[in-house]
Amino acid sequence: MNGRAMAAGGGQEGRPSRQINVVLRNQTDIYGVQGGAALEAEPSQAQIKDNPQFAMYQDIQKELDELVGLESIKDFVFEIYAFLQIAQMRTQAGLMSGSHVYHMVFKGNPGTGKTTVARIVAKLFQKMGVLAKGHLIEVERADLVGEYIGHTAQKTRDLVKKSLGGILFIDEAYSLARGGEKDFGKEAIDTLVKAMEDHKNQFILILAGYSEEIDFFMQTNPGLPSRFPIQIEFPDYSIDQLIQISELMAKERDYILMPQSILKLKQHLLEEKYDTSQAFSNARYVRNIIEKSIRHQAVRLLNQYSSGSPGKLELMTLRTEDLKLEKK
């Protein structure tokens, strides 16, 4: 699920005042100031946009505005941009601007926009000159782990090589540590740690997955925690946000949900989201419902208009009978 959908009301008018849900293990790495140092008042978003230097962020801002929710994540991406922009200005002014580590951990349930945000971050780093290409290589355990001794290391090195100049995104990264000491997943972890040293500043590694599992995974290798100074929590979408996403997914495909269909979907989501028997897959779950409903609509229309063609509006409309919702 790419998590992409256009946010209602467009961009934000000002910088949010609430705290950002981001864990930075070493704040001096990100902000370049010692703890307790006084900071000048932060300018408003409007003032920043008047700055000509903001022009290269416009495309990034547009993509972020198309995402429903994720306000703390959007704030974080802007913080990275601001830091990189100021770092360039410091260099031009003859001030110290040392190298920084940007490897990250994305925590959260499925369908919360982790992959989409990773692609946007890759573009940002490319625009700001941190990454040469800005592409994203998305992999999982099966892509890294081989079938015999030495095979895993080679597969992992090959994927690192492909990701040079961009981001290597490992989904469900904790699965590499599930097999114990003798599992080839450990070999993949060790190879990744070595690659982060051998190719320092040439690629960015993002580990993604459930919060608790990722936290456990980070303890499987003593070299991991210090190498990932940026950890971001991706919250679940609210019911209203999921409805907004569903309407936009339908709109992107030239469909519309009838009001009764929206009410039916909302009630179903309320039941599914708070079913604690298994993790809720958020926007991915909604996407599957919309795609299934489109197929059901096609069957209904063929049966209903066996000797003719439906009108344009009927071809676009998803009715309650098209949403065949079953509890998991």
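Glu314 is found in helix H13, which spans residues 312-316; helices here are DSSP runs of H or I with at least four residues, strands are runs of E with at least two, and both are numbered from the N terminus. The structure is a predicted model, in which local features need pLDDT of at least 70 and side-chain atom pairs count only at pLDDT 80 or more, while totals for chains, interfaces and linings use all residues. Residues are numbered from 1 along each chain as its sequence is written, and side-chain values use heavy atoms, with hydrogens and water left out.

With a relative accessibility of 13%, Glu314 counts as buried, a term that means under 20% relative accessible area, whereas exposed means over 50% and partly exposed lies in between (1.4 Å probe, protein chains only). Apart from its neighbours within four places in sequence, Glu314 is in contact with Gln297, Arg300, Leu301, Tyr305 and Arg319, contact being defined as heavy atoms within 4.5 Å.

Two of these partners lead on to a group of charged side chains, for Arg300, Glu314, Arg319 and Asp322 are linked in a network of salt bridges. A salt bridge is a side-chain nitrogen of Lys or Arg within 4 Å of a carboxyl oxygen of Asp or Glu. Side chains of opposite charge can pair when their charged atoms come close.

Glu71 is partly exposed, at 26% relative accessible area, whereas Lys74 is buried, at 9%. In the other, Asp198 forms a salt bridge with Lys194, the closest N and O atoms being 2.6 Å apart, and both residues lie in helix H8, 4 residues apart, about one turn of the helix. Here Asp198 counts as partly exposed, at 46% relative accessibility, and Lys194 is exposed, at 52%.

The second largest pocket is lined by 24 residues, of which Ser99, His100, Val101, Tyr102 and Asn201 lie nearest its centre. The elements that give two or more residues to this lining are helix H4 (71-92) and helix H8 (184-198), and H4 supplies the largest share, 5 residues. A pocket is an open set of points on a 1 Å grid over the protein atoms alone, where a 1.4 Å probe fits and protein lies on both sides within 12 Å along at least five of seven lines; lining residues have an atom within 4 Å of a point.

Taken as a whole, the chain has 13 helices and 8 strands, and buried residues make up 46% of its 328 residues. Of the contacts in the chain with a separation of 6 or more, 78% are accounted for by residues 24 or more positions apart.
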